[in-house]
Amino acid sequence: MLIQENIQLSTLNSFGCKATASYFCTIKRKDEINEALSWCTHQEKPFLILGGGSNLLFTKDFDGLVIKMEIKGIQLLKETPSDVTISVGAGENWHLLVKYCVQKAWGGIENLSLIPGTVGAAPIQNIGAYGVEAKDTIQQITAFDTYTKQWVTLKNDTCQFSYRNSIFKREKNRYIISEVQFLLQKQPTLHTDYGAIREVLHQKQIKQASIEDISNAIIEIRREKLPDPAMLGNAGSFFKNPTVTLETFNLIKHDHPALVAFPISDSEYKIAAGWLIEQAGWKGKKQGSVGCYEKQALVIVNYDHATGMEIYNFSEAIIQSVNNKFGIQLEREVNII
Ligand code: EPU
């Protein structure tokens, strides 16, 4: 395993921000994880696992070892008349996995089409879109536990999955994921309940949608609403949709009848952060090289060589402004380094 020094990370993060890794290596096999971690222990340096770099913001250089996860492979473990179990290397590109499964007509992750990033990153923030979350199909995860120095298998119910959260996010840097196992269906229940999906299917006059139709519809919707990181630096939703109590919801609704929110239990509501940000006047706004995307206020974009710190400060200004207007403290979805 080759460890390089002073590597520029700007092409390895979807914001395109400049940051230097003091040390850098790529990992293609499981045993190289142990090797890289022993190196960190000996050198007394921290490590950072990098997948697609699509959910992080470098606000400074990283004085440690950046480990680029490149364990590949899609393996069919089991096939029955109704489902398949596959094991996928953490370094596989998420959307390529979705395309592969769609082609095979294995259902379950088609609503997660076109999400940037890698397979190993998917369970960390339990990626989700259009009524589906990664946790719905993940069976188990193979990871190196850096606390016990053992390889472990975590079954779905021990991963503490919730909205954009998991044990991997809560116990940051404890587990290094090498493989994710998925259970996919041959006759899946398709999730077409999102208005936008229904509209696209209706436009195309598709009455009996296939897995591929759903995937295509979602690709179309995402291309229309979200900026392509290859063209315009961004990390998708920068903030999470906040959860508030029924009481807070009622108070805000009273002052702002157009509030966009969805009940998630008898006593809690999830509020559309994009709506809050838009109402606070940020949608389409630009400050220097940073901006709030004109078609989706949850997304912060790097128009032209913005630094990570400029993007961070912009997000801070949004958080404060939303808090002043609505009394809601937005949380970042993106990891700040
Ligand atoms: N809205 C606005 N203004 C905006 C954006 C949204 O008013 O600028 C309102 C609209 O009324 C809309 C509602 O918010 O009906 C919800 O918007 P949308 O359906 O676009 O979903 P979202 O809550 O903004 C979440 C995910 C996205 C995912 C979509 C679709 C989070 C943080 N984001 O966004 O995920 O694609 O749902 O399911 O939960 C990502 O995480 O990077 C991401 C793109």
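**Exercise 1.** How much area is buried between domain 1 and domain 2, and what share of it do carbon and sulfur atoms give?

*Solution.* The model is predicted: local features need pLDDT of at least 70, side-chain atom pairs count only at pLDDT 80 or more, and totals for chains, interfaces and linings use all residues. Residues are numbered from 1 along each chain as its sequence is written, and side-chain values use heavy atoms, with hydrogens and water left out.

Step 1. The chain is divided into domain 1 (4-69), domain 2 (74-185) and domain 3 (233-336), with bounds from an automatic or database domain assignment.

Step 2. Taken over C-alpha atoms, the centres of domain 1 and domain 2 are 22 Å apart. Contact (heavy atoms within 4.5 Å) joins eleven residues of domain 1 to 15 residues of domain 2.

Step 3. The buried area, meaning the accessible area (1.4 Å probe) that two parts lose on being put together, summed over both, is about 1100 Å² here, and carbon and sulfur atoms give 69% of it. On the side of domain 1, Lys30, Phe47 and Met69 lose the most area to domain 2, together 42% of what that side buries.

**Exercise 2.** Identify the parts of the chain that surround the ligand.

*Solution.* Step 1. The ligand is surrounded by 24 residues (a heavy atom within 4 Å). The closest are Tyr130, Tyr163, Arg164, Lys225 and Glu278.

Step 1. At least two residues of this shell come from each of β8 (128-129), α5 (211-225), β13 (233-237) and α7 (273-279). With three residues, α7 gives the most. Helices (H or I, at least four residues) and strands (E, at least two) are DSSP runs, numbered from the N terminus.

Step 2. Domain 2 and domain 3 each supply at least three residues of the shell.
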